[in-house]
Structure formats: C-alpha cells, structure tokens
Amino acid sequence: MITGVFARGAAMRVEIVNPAQEPEWDRKILATRGYCCFHTSAWASVLADSFQYQPRYFILQEQGALRGLLPMMEVRSLPTGRRGVSLSFTDYCEPIAADQEAFGALFDAVLAYGRQAGWQYVELRGGRRFLPEAPAFARYLHHQLPLQGGEQELLAAFHLNTRRGIKKAAGLGLSVRFDNSLQSVRDFYRLHAMTRKRHGVPPQPFQFFARIHELILKRNLGWVVLASGAGENVAGAVFFHFGDQALYKFGASDPRYWKLYPNDLVMWEAIRKYLQLGYRELSFGRTECDNDGLRRFKASWGSTESELSYYRYDLKAGRFLAEEADRLGHYAGYLKKLPEPVLGIIGQLLYRHMG
C-alpha cells in the first residue's frame, strides 16, 4: 500500500486517512462548510465493507481542524481495472475546500497518488465550481428542498397533483411507519428488487443494505419509511441524515398499488418528520437527465433543480475525458425480462466491479 504525505508548499500539507480509523471524523466534518451525508465515516465503512474498496481520503488540516477534503475510494478490479472514485455508489460528493488553491492541492495529491498506485483514472462526482473549464464525463440533475416555514407553507409550494395524491393516500387508509430494524430493511429490499427489475437494472446485493442497516440506520443516521395497507408493504424509501441535512437515497414501490398514491404519502411523511426535527434541507439525490417521470416527481415537491456533473481524469493521457454514452442502458430491455433471482445473482457478481 502506498501511503505518505503530499505537499504543495509549507502551507498546503495533504494527508491520506481512513475515516473509519479517525474517532473525531464526523465532528470535524460537521465543522466544515459543504458537508453532506456521504462525507461521513459511516458511508465510507459501508462502501469499504460491502465491496472491499480501500478508503483514501485526502485532507488538509490546520491546528487539528479539517480545512479541505477530497474523499476517494480505491477500486481494484481485474475486469474493470484500478481507479479512484469520489465516491463509488454515491449520488454526489462535492469536494470540501475553502478556495481554488486548496482544491488544487488536494487534486494534485490525488493525481500523484493515483499515478503511483497504478490507477487508470480519477472520477469526481461533483466539483463543478472548481473545474469550470473541464468537460463533464456524465451529467445528471440534483433536486433540493429547503425545509423552512411550516407544513402548510411547504404544502402550498407542492404541485396540485402532489397535494391531491397525499390527501387521497391518507383517505384510503394507508399507514406510514419509520423504522431502523433489519426486518424493515428486508421489507424495503423486496420492493427495491421489484422496482429495479421494472427499470431493467440488477439490484444491489442485500449485503450492501445489511451494512447500511448496521452502520447507518442503527446509529440513528437514517431510517426506512414504509407505507402499508391491509397488512402489506406497498411502497418505501430509505433516508439518511447527518447534521442539518437529510437525503432521499432509495425509493421503491409495488405498481399494483400506485392508484393509492403510496409514494406521495411516504415522501410527505418524511418531509414532515424532518421539518419537525429541525433539519435544514432535504436532498432528493441524483436523477438521469432523460428520466422525465422521476424528474417530475422530485420537482413536484417544490424543490430546486440544478445540474450535477461528474468528471473523469485519465491519468495516462493527462486530461479530462468528455461525456460518454451510457452503454449499460442498451441492456435494460433484456434485463427486464429476467426473473428477479437471476437479476439478484447478476448484481452480486457485477456491482463490486462497477463502483
């Protein structure tokens, strides 16, 4: 393993750490501007434990305080090669840096380490403000909802159809519960596998969700929200929260019950809960630009839409790569036809190499 300290002058000392081995990590993160749920030690441990990735978090410190962070996961795979990703299976992960100079020191250190470690490329899931001239490798949409005012004020900003859906779902007798038990994760995963099949995408291994339960939900950094009726779970979502921010990470539902508007009720009850607990903002995560249905759903909650850019730096060529077509999307039609158990096996085999 390559370790060490990278520097750009005496004032820019960059170190590499593993958040799981830093007892005060989350406290330091909370003291920065620009933190999110994905910067936590818990999320680093989920990725490392689930997929055997190696955390390589590049930091700038001053008198014990964190002044800059560029978190990386080192992915080692025979089929797909070795690279650094910030961060694997993460919707967005903005670098934490006070200015361009700080980001430059961190990024230079990442490139230097990557060349020594034999990485093919470095991928950043965010960082647009520091890379205004670099071409994006992939583009997505990000929706965020400020949690301000009261419930009625928030409701008034929702799309009319969304308000109607919430009212109908409540009137049809659906109930919603918040839980962090392993059984609630299993209940959600059943809906999740069903939803992934409908989209033509293999589900992540259940081990991944088991680690989310152990390292995030049990530590009160998130919960599963499930809507049920007549004793059956019909829709659900997994939320993370950290500091004053909340994140909608996964959503799933049984299409046989869409007429009951369970997804609307799950989201509304989560928004209400986070508002009552004093959270400042809810992120709806990333959305593919051509997924009009999901885009409308997220926008219908009065959220603000922005562009989310991913960047890929080819270490051999010494340059950022331009946007590439989504090759996996061509297989969605075939994958939709496969039974759920077969899709599950595909997910078990492939996800570690896809990070």
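User: In this predicted model, what span should the 15 residues of α8 have at 1.5 Å a residue, and how far apart are its end C-alpha atoms?
Analyst: The model is a predicted one. The expected span of a helix is 1.5 Å times one less than its number of residues. For the 15 residues of α8 the span should therefore be 21 Å, and the distance between the end C-alpha atoms agrees with this, being 21 Å.

User: How many of the 15 residues of α8 are buried?
Analyst: A residue counts as buried under 20% relative accessible area. The buried residues of α8 include P262, D264, L265, W268 and L275. Helix α8 is mostly covered, and the number of its 15 residues that are buried is 11.

User: Which residue with a positive phi follows α8?
Analyst: Helix α8 covers residues 262-276. The residue in question has a phi near 85°, and it is G278.

User: How are α5 and α8 oriented to each other?
Analyst: Helix α5 is formed by residues 160-171, and its axis is 8 Å from that of α8. The two helices pack at an angle of about 95°. Angles of 65 to 115 degrees count as roughly perpendicular. The orientation of α5 and α8 is therefore roughly perpendicular.

User: Which residues of α8 make the contact with α5, and how do the residues of this contact divide by class?
Analyst: On the α5 side the contact is made by T162, G165, I166, A169 and A170, and on the α8 side by D264, L265 and W268. D264, L265 and W268 are also among the buried residues of α8. By class, the residues of the contact divide into five nonpolar, two polar and one charged.

User: At what angle do α6 and α7 pack, and what is the handedness of their crossing?
Analyst: Helix α6 consists of residues 182-199 and helix α7 of residues 206-217, with axes 10 Å apart. The packing angle is about 145°. The crossing of α6 past α7 is right-handed.

User: Which residues of α7 meet α6, and what classes does the contact contain?
Analyst: From α6, the residues L182, V185, R186, F188, Y189 and H192 take part. Their partners in α7 are F206, F209, H213 and L217. The classes in this contact are seven nonpolar, two polar and one charged.

User: Which residue does a cis peptide bond join to L87, and what is omega there?
Analyst: L87 lies in the loop between β5 (81-86) and β6 (96-97). The cis peptide bond joins L87 to S86, with an omega of about -5°.

User: Is F89 buried or exposed?
Analyst: F89 is located in the loop between β5 and β6. Its phi is positive, about 50°, although F89 is not a glycine. The relative accessibility of F89 is 16%, and the limit for a buried residue is under 20%. F89 therefore counts as buried.

User: What is the relative accessible area of Q52?
Analyst: Q52 belongs to the loop between α2 (41-51) and β3 (54-62). Q52 is not a glycine, yet its phi is positive, near 60°. Q52 is partly exposed, and its relative accessible area is 42%.

User: How far apart in space are D91 and K249?
Analyst: D91 is in the loop between β5 and β6, and D91 is buried, with a relative accessible area of 9%. Not counting residues up to four places away in sequence, D91 touches F38, K249, G285, R286, L308 and Y310. D91 and K249 are 158 residues apart in sequence, while their C-alpha to C-alpha distance in space is 8.3 Å.

Conventions
Residues numbered from 1 in each chain as written. Predicted model: local features only at pLDDT ≥ 70, side-chain atom pairs only at ≥ 80, totals over all residues. Heavy atoms only, no water. Axes fitted to C-alpha atoms, helices over the stretch in contact; angles between N-to-C directions. Helix = DSSP H or I, 4+ residues; strand = E, 2+ residues; numbered from the N terminus. Parallel < 35°, antiparallel > 145°, perpendicular 65-115°, else oblique. Contact = heavy atoms within 4.5 Å. Nonpolar A, V, L, I, M, F, W, Y, C, P; charged D, E, K, R; others polar. Left-handed = near helix turned anticlockwise from the far one by under 90°. Buried < 20%, exposed > 50% of the residue type's maximum accessible area, 1.4 Å probe, protein only.
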